[in-house]
Amino acid sequence: MVSSAFVFVMIPSLSLIYSGLGNRSFALTLFRLPMVTAAFIGLQWVLWGYTLTFTGSSMWWGGETRGNALQDVLVRPVSTGDGSDGSQIPELLFLLYEAMFASFTAALVCGGTMHRARPARFIIFISIWALFIYDPVARWSWSEYGWGKQFGTMDFAGGTPVHIVSGSTVAAFAVFCSIESKDSPREFFSEAVDRVKRRLGHLFKGFWSVLRIVIMVCTYGYLRPPSYDLSDQELGGSQEEDGTRPVFQPYNVNYLVLGTSLLWFGWAGFNGGSALGANMRAVSAWAATHFAACAGGATGMIWIWIWKALPDPDNNTNSQASVDQGGEEHHAEPRQFENLSVYFFCDGAIAGLVAITPAAGYVPIWTAVIFGVVAAIAVNLLKKETEIFLRNDPLQIFAVHAGGGLVGMILTGIFADRSRRVGYQILDGVSGMAYSFLMTLVILYAMKLVAYMFMPTPWKQAAEYDDEFQATMDQQWRHQLDAQGRPRAPPFQRPRPQQAVIPMQRYPPPPDLPAIPSPELQPVNSI
């Protein structure tokens with residue numbers, strides 16, 4: 001019961017993180033949407049989600065009606081499966097605990113909706129998503145009848161059903177919005193192919209540059225690496241009007257830090273509670289989770305410290321040395337990230353938490369440091385690519401959760417099983433990623449078809465808001481927002497209808513009249 005409460009705390013933690021990372025115009029929606037989503041998915045879980053996920057003997061779909069609407073969930077206890085003491089917990093408690101997982105996974109997807117869909121449509125989407133994506137994937141990973149469980153896949157607390165599924169869903173949402181922004185799907189795919197070619201060419205040139213640097217060091221500087229100029233257009237990256245690439249700035253770093261802290265706190269119930277009892281496996285899982293987060297956060301901080309001192313290879317103003325008119329060479333200035341070190345710390349800590357999730361109860365505690373370090377580095381490298389190929393994922397949920405979850409699944413196969421069954425771990429993670437991605441696109445296009453048939457309105461909520469449109473909490477609760485979520489102007493600033501102006505006529509001034517004395521005030525008797 002305590003672990004269930006801990007997992008519930010992780011949902012408002014996402015509200016803080018998403019609203020802190022998003023822009024000001026959409027902060028309110030990102031703040032409230034995770035809790036609303038959690039409520040809808042919790043209701044769905046009670047009505048049919050638990051039945052489809054954990055009951056019945058089918059490999060793909062559960063079917064015992066006794067679990068629908070909590071008809072009879074006390075028919076048998078659930079074994080913890082740890083040790084020989086035969087400890088068990090009530091099935092109703094197990095249902096409650098897994099309901100928190102379903103709500104948290106759906107809340108993770110909320111971060112991909114910034115300026116992408118109306119909240120009402122997202123609620124409909126996430127309800128269908130839970131039925132056709134989360135429930136089947138959770139069944140094959142955790143149910144004793146699921147094909148992943150029968151293959152021997154090791155997923156302690158949700159590397160595939162929670163993180164890989166949510167990250168892949170956001171990636172599919174981003175691709176869908178990118179296709180919608182183009183005139184035709186052919187234009188989107190041709191641009192995507194060109195972008196991949198340019199990126200591969202850039203990576204090859206970068207590899208060749210590093211190789212020349214190694215040769216230069218080995219030959220004591222006799223061979224000098226050539227400099228090359230790659231513009232942002234060649235990289236396929238976004239540009240500002242002045243030609244420079246924008247630097248990501250979180251809306252509220254304090255919200256991000258507070259949300260990460262609460263998320264870290266709730267992960268004690270997320271991983272530790274997955275042991276289904278107060279036992280040594282729970283202690284080991286929580287200890288490994290904490291140390292993986294520590295290692296990931298420290299790696300993320302060290303990463304940005306090192307990155308600050310290096311020139312940006314993807315910016316032509318920093319990729320090579322410049323020569324002034326006098327012939328003197330000036331080296332590139334290091335990149336400026338101002339006060340974003342704590343942002344990379346939070347990203348690294350979350351990456352460590354995500355990576356250790358499938359392995360927390362299976363691996364030795366000392367390996368948690370490896371999970372945190374490898375996940376933080378892999379996520380930072382993957383974020384560089386998602387900035388180019390998934391522009392409609394501004395919070396980079398795919399890189400952090402899907403990337404970190406896949407890293408965790410692979411490392412679990414390396415450190416948890418002596419037979420090194422890494423292939424089954426990769427199969428489970430890739431299957432969850434592909435299934436979630438394709439099914440999300442199917443759901444989105446089906447919803448688009450229905451919306452076009454009955455209410456032909458655009459899918460996207462609104463265009464990018466200007467900085468002058470900043471909704472405040474007071475405006476939100478006083479219903480001072482228009483249909484697009486923008487704050488209305490106060491009444492005294494609204495344009496008034498023009499009225500006919502009657503010109504004043506000139507009259508002679510009135511004569512001077514004697515002043516009228518005011519009457520004396522009489523005292524009033526008190527009652």
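**Group meeting: a walk through the predicted model**

Of the 527 residues in this protein, 46% count as buried. Before I go on: this is a predicted model. The protein has 15 helices and four strands. Its accessible surface comes to about 27,900 Å², and carbon and sulfur atoms hold 64% of that. If you take the contacts with a separation of 6 or more, residues 24 or more positions apart account for 72% of them.

The largest nonpolar core has 93 residues, and the members that touch the most others are Phe 104, Phe 125, Trp 129 and Phe 270. Take Phe 104. Which residues does Phe 104 touch, not counting those up to four places away in sequence? They are Met 10, Ile 11, Leu 14, Val 162, Leu 263 and Phe 270. There is also a second, separate core of seven residues, including Ala 171, Ala 174, Val 175 and Leu 390.

Next, the aromatics. The whole structure contains 25 aromatic pairs. One of them brings back two names from the core: the ring centres of Phe 104 and Phe 270 are 5.5 Å apart and the planes stand at 65°, so this pair is edge-to-face. Phe 104 belongs to helix α3, residues 91–109, and Phe 270 to helix α9, residues 253–271, so the pair ties together parts that are 166 residues apart in sequence. Both Phe 104 and Phe 270 are buried.

For contrast in geometry, look at Trp 140 and Trp 147. Their ring centres are 5.1 Å apart with the planes at 40°, so that pair is tilted. Trp 140 and Trp 147 are both buried as well. Then there is an aromatic cluster made up of Trp 45, Tyr 50, Phe 54, Phe 94, Trp 129 and Tyr 134. You have met Trp 129 already, in the list from the largest nonpolar core.

On to charges. How many salt bridges does a search of the whole structure find? One. The partners are Lys 383 and Asp 347, and their closest N and O atoms are 2.3 Å apart. Lys 383 sits in helix α12, residues 368–389, while Asp 347 sits in helix α11, residues 341–356, so the bridge ties together parts 36 residues apart in sequence. Are the two partners buried or exposed? Lys 383 has a relative accessible area of 5%, so it is buried. Asp 347 is at 12% relative accessibility and therefore counts as buried too.

Now the loop between α9 and α10, the latter being residues 280–308. Ala 275 is found in that loop. With a relative accessibility of 2%, Ala 275 counts as buried. Ten residues along the chain from Ala 275 is Ala 285, and the C-alpha atoms of the two are separated by 7.9 Å.

Leu 276 is in that loop as well. Leu 276 is not a glycine, yet it has a positive phi of about 60°. At 15% relative accessibility, Leu 276 counts as buried. Gln 396 is another non-glycine residue with a positive phi, near 55°. Gln 396 is found in the loop between α12 and α13, where α13 is residues 397–415. At 8% relative accessibility, Gln 396 counts as buried.

Ser 79 is in contact with Leu 276, and with Ser 87 and Gln 88, leaving aside neighbours within four places in sequence. Ser 79 is placed in strand β1, residues 78–79.

Last, the outside. Leu 449, Val 450, Met 453 and Phe 454 form a nonpolar patch on the surface, with about 460 Å² of accessible area together. Met 453 is at 53% relative accessibility, so it counts as exposed.

To recap, the places to look at on screen are the salt bridge between Lys 383 and Asp 347, the edge-to-face pair of Phe 104 and Phe 270, and the surface patch that includes Met 453.

How values were computed: Residues are numbered from 1 along each chain as its sequence is written. This is a predicted model: local features need pLDDT of at least 70, side-chain atom pairs count only at pLDDT 80 or more; totals for chains, interfaces and linings use all residues. Side-chain values use heavy atoms; hydrogens and water are left out. A salt bridge is a side-chain nitrogen of Lys or Arg within 4 Å of a carboxyl oxygen of Asp or Glu. Helices (H or I, at least four residues) and strands (E, at least two) are DSSP runs, numbered from the N terminus. Buried means under 20% relative accessible area, exposed over 50%, partly exposed in between (1.4 Å probe, protein chains only). Rings of Phe, Tyr and Trp (its six-membered ring) pair if their centres lie within 6.5 Å; planes under 30 degrees apart count as stacked, over 60 as edge-to-face and the rest as tilted. A nonpolar core is a set of buried Ala, Val, Leu, Ile, Met, Phe, Trp, Tyr and Cys residues joined through side-chain atoms within 4.5 Å. Contact means heavy atoms within 4.5 Å. Patches are made of residues with over 30% relative accessible area and no salt bridge: like charges are joined within 9 Å, nonpolar side chains (Val, Leu, Ile, Met, Phe, Trp, Tyr) within 5 Å. Accessible areas come from the Shrake-Rupley method with a 1.4 Å probe; for residues, only the protein chains shown count as cover.
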